[in-house]
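Here is a friendly walk through one protein structure. Please have the sequence and the coordinates open as you read.

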Amino acid sequence: MPPGRDDPIDLTGIDDGEDTDDGAHVDAQTPAAQTPAAERTRCDTSKGSPPVAAEYWASADVGSVGVKHDLASVRAAARRRWESQQEHQLLPHKQRGDTGTAATSPVAVPTAPTAAAEKPMHAGDAVGKSPLASAVNSFELAPGVPAAAFQLQRVRGLQPEANRGIFGVNVKELVSGPMTFAFVSNFMVDIGWLLSAMPDLTTVAGRLVIAHGEGAEMGDKIKEVLQRMRVSDFEVAKVHISEPYGTHHSKFFVLAYLHGLRVIVHTANLISCDCNQKSQGIWYQDFPWKSEAAPPMSAFQADLEDYVRALRLPHRGAAPLLEVLRHADFCCARAHLVPSKPGYHSGSALDRYGHMAVRRLLSRENFPAKFSKAPIIAQFSSMGSVTEAWMTELTASMAAGKRDAGPGSAVFPPPQLGPPSERLQVVWPTESEVQNSLEGWSAGRSIPGYAKNVSKPHLRPHFCRFGGAPAGRQRAMPHIKTYTRYSGQDLAWAIVTSHNLSGA
C-alpha cells in the first residue's frame with residue numbers, strides 16, 4: 001500500500017447540504033439544535049493524545065468491523081519487507097517517503113504478508129478475457145504499514161502538523177492510476193468537482209459505475225457531464241430505498257487494476273467542502289487477484305457481494321462489480337464489513353445488518369478485562385429520532401464480547417458505571433464549535449438534527465463536545481462517523497463508517 005499523502009486537494013466547490021437518516025434537516029445555526037451539547041463539560045474523548053488502537057474494525061453503510069492483531073509485529077514485519085524490496089510499488093502512486101501509513105479504517109492486518117508470485121493465475125485467465133481486469137497472482141503491501149485503525153483526510157486551512165502522516169490522506173492519490181473498472185458509491189456526488197479532483201476516473205479502461213442517493217435530476221446531470229467529458233462506458237444509477245426514512249448513504253470505491261483490487265471506505269460526500277474542510281475518515285485496502293490456492297469465498301467477500309445485491313443496481317452496474325469481487329482474494333482482509341440494509345430483519349438475517357452485526361462480530365472476540373467496564377463512544381454527523389429503548393439496544397450491541405480469562409470466559413455485561421455519560425458518550429458539536437469552525441455557520445448544514453431529536457431528555461446526559469484539539473481538528477467540523485470502546489489510551493475496537501445515529 002502507498003505511503004502517506006502530502007499533496008493538498010486543490011479544488012473548488014460548495015456544499016449544498018447534507019442528509020440525515022430520517023429525513024430531518026436543521027442547520028446548526030439554529031441554537032436549539034446545538035444547545036444541549038453546549039452545556040456539557042468535556043469528556044475524556046477530547047483529552048490528551050489520541051488513543052492507540054489495538055484492535056480494528058471498519059465500516060461504511062457497507063460498514064466493517066475489524067479483528068485483533070499484534071500491531072507491533074505487523075509493523076516490524078512490513079518494515080523488514082519494505083526494506084528488502086524498496087523498489088516495489090503496489091499500484092500506480094507517487095512514493096512520498098515514510099511520512100504516513102497505508103491503511104485507514106478498521107481492518108485486520110495480516111501478521112505476515114506473503115511474497116508475490118510472478119506467474120499469472122489460472123483464475124485470472126477468466127478475468128483476463130474480460131475488459132475489467134488482467135490479473136496476476138498477487139501483489140504486495142507497499143511501504144507505509146498501518147499505524148492506526150484508520151486515517152483522516154487532509155483539511156485545508158489547518159496547521160501543517162495536523163495534516164501529516166495518518167492525519168493527511170489525499171483521496172485524489174488513492175483514486176488514481178490506470179483503472180480497468182471503477183465503482184463509486186455515495187449519497188451526494190458533485191460530478192464536476194469529482195472529475196476535476198480525480199481525473200483518472202475519466203480514463204477508466206472498462207466501465208465507470210456511479211451509484212448515488214439523490215434524485216433523478218442528479219443522475220441526469222451526472223450523465224450529461226460524463227458524456228461531455230467523453231467517458232465512453234459508464235452507468236449511473238440512483239439507489240432506491242423502499243423505507244420512507246431510508247437513504248442510500250454508503251460512501252465507498254471499488255477500483256480494479258491490472259494487479260488487483262482496491263476497496264476504499266470513507267465518510268465524505270463527493271463534494272468540495274466535505275473533502276476539503278471537514279474532519280473525515282478513510283479506510284482502504286488493496287487485494288490481489290485469487291491464486292489457484294485461494295479459497296473460493298471469504299466472509300469479507302460474502303458480505304460485500306450480499307450488500308451489492310441488496311442495492312438492486314441495473315445489470316450494467318451490478319454485473320461487472322460482482323465479477324471483479326468474485327475474482328479478488330479477500331482472505332487477507334483487515335476488517336469485517338458491517339452492512340446496513342433498511343427494513344425489518346428476522347431469522348438468519350437478524351444479525352447480518354447494522355448494530356446487530358456488530359454484536360455478532362464482537363461476541364466472538366475475547367477482550368482484556370479492563371474493557372469490561374469501559375465506556376462506548378458514538379460520534380456521527382446526523383441525528384435522527386432515537387428512543388431510549390433503541391439506545392439501550394445499541395449500547396448492548398457495542399458492549400458485546402468476552403472477557404479474556406481463558407476457557408469459559410464470561411460474556412461482558414453492558415457497561416454499568418456511574419452516570420449515563422460514563423456508559424455511552426455521544427459526541428456532538430456545540431453551537432460555538434460550529435460558529436468558530438473553518439466554514440463558520442455553514443458547517444452546520446452538514447451536521448443536521450431536529451431540535452426535538454437532539455434535545456430529548458434521555459440523550460442529554462450522554463452529550464460530549466467534539467473538541468478535536470489533540471489532532472489539530474478543532475476548527476474542522478466532524479463529518480466523520482466513528483464508534484469505539486476505550487480504556488485509558490487503549491481501544492478495544494473501532495468502527496469508521498457512514499452510519500449516523502438513527503434507528504432508520
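## Overall picture

Please keep in mind that this is a predicted model. The protein has 504 residues, and 59% of them count as buried. Its secondary structure consists of 13 helices and 15 strands.

Let us turn to the contacts. Among those between residues at least 6 apart in sequence, 81% join residues at least 24 apart.

## The nonpolar core

In soluble globular proteins, nonpolar side chains tend to be buried together. Here, the largest nonpolar core has 40 residues. Phe380, Met383, Met391 and Trp493 are the members with the most contacts inside this core.

Which elements build it? At least two residues each come from helix 10, strand 10, helix 11, strand 12, strand 14 and strand 15. Strand 15 gives the largest share, with five residues. Two of these contributors, helix 10 and strand 10, are worth a visit of their own.

## Helix 10

Why is helix 10 described as largely enclosed by the rest of the structure? The reason is that seven of its nine residues, in the run 354-362, are buried. Those seven are Gly354, His355, Met356, Ala357, Val358, Leu361 and Leu362.

The cover over these buried residues includes strand 9 (366-367), helix 11 (388-398) and strand 15 (490-497).

Strand 10 spans residues 376-379, and both of its faces are covered. Ile376 and Ala378 are buried on one side, while Ile377 and Gln379 are buried on the other.

Strand 10 has a partner in strand 12 (residues 424-427), which pairs with it in the parallel sense over four bridges. In that pairing, Gln379 stands opposite Val427. Strand 10 also pairs with strand 14 (residues 481-487), this time in the antiparallel sense, again over four bridges. Here Ile376 stands opposite Arg485 of strand 14.

## Cysteines without disulfides

A disulfide is a covalent bond between the sulfur atoms of two cysteines. How many disulfides does a search of the whole structure find? The search finds zero. Cys273, for one, is in no disulfide, and the nearest cysteine sulfur, that of Cys275, is 8.5 Å away. With a relative accessible area of 5%, Cys273 is buried.

Cys332 is in no disulfide either; the nearest cysteine sulfur belongs to Cys331 and is 7.5 Å away. Its setting is partly exposed, with a relative accessible area of 28% for Cys332.

## Two arginines with positive phi

Arg230 has a phi near 60°, a positive value in a residue other than glycine. Arg230 sits in the loop that runs between helix 6 (216-228) and strand 5 (234-238). Is this arginine buried or exposed? Arg230 is exposed, at a relative accessible area of 76%.

Arg312 is also a non-glycine residue with a positive phi, near 55°. The loop in which Arg312 lies is the one between helix 8 (299-310) and helix 9 (315-327). Arg312 is exposed as well, with a relative accessible area of 60%.

Key. Residues numbered from 1 in each chain as written. Predicted model: local features only at pLDDT ≥ 70, side-chain atom pairs only at ≥ 80, totals over all residues. Heavy atoms only, no water. Buried < 20%, exposed > 50% of the residue type's maximum accessible area, 1.4 Å probe, protein only. Contact = heavy atoms within 4.5 Å. Disulfide = S-S within 2.5 Å. Pairing = 2+ DSSP bridges. Core = buried A, V, L, I, M, F, W, Y, C linked by side-chain atoms within 4.5 Å.
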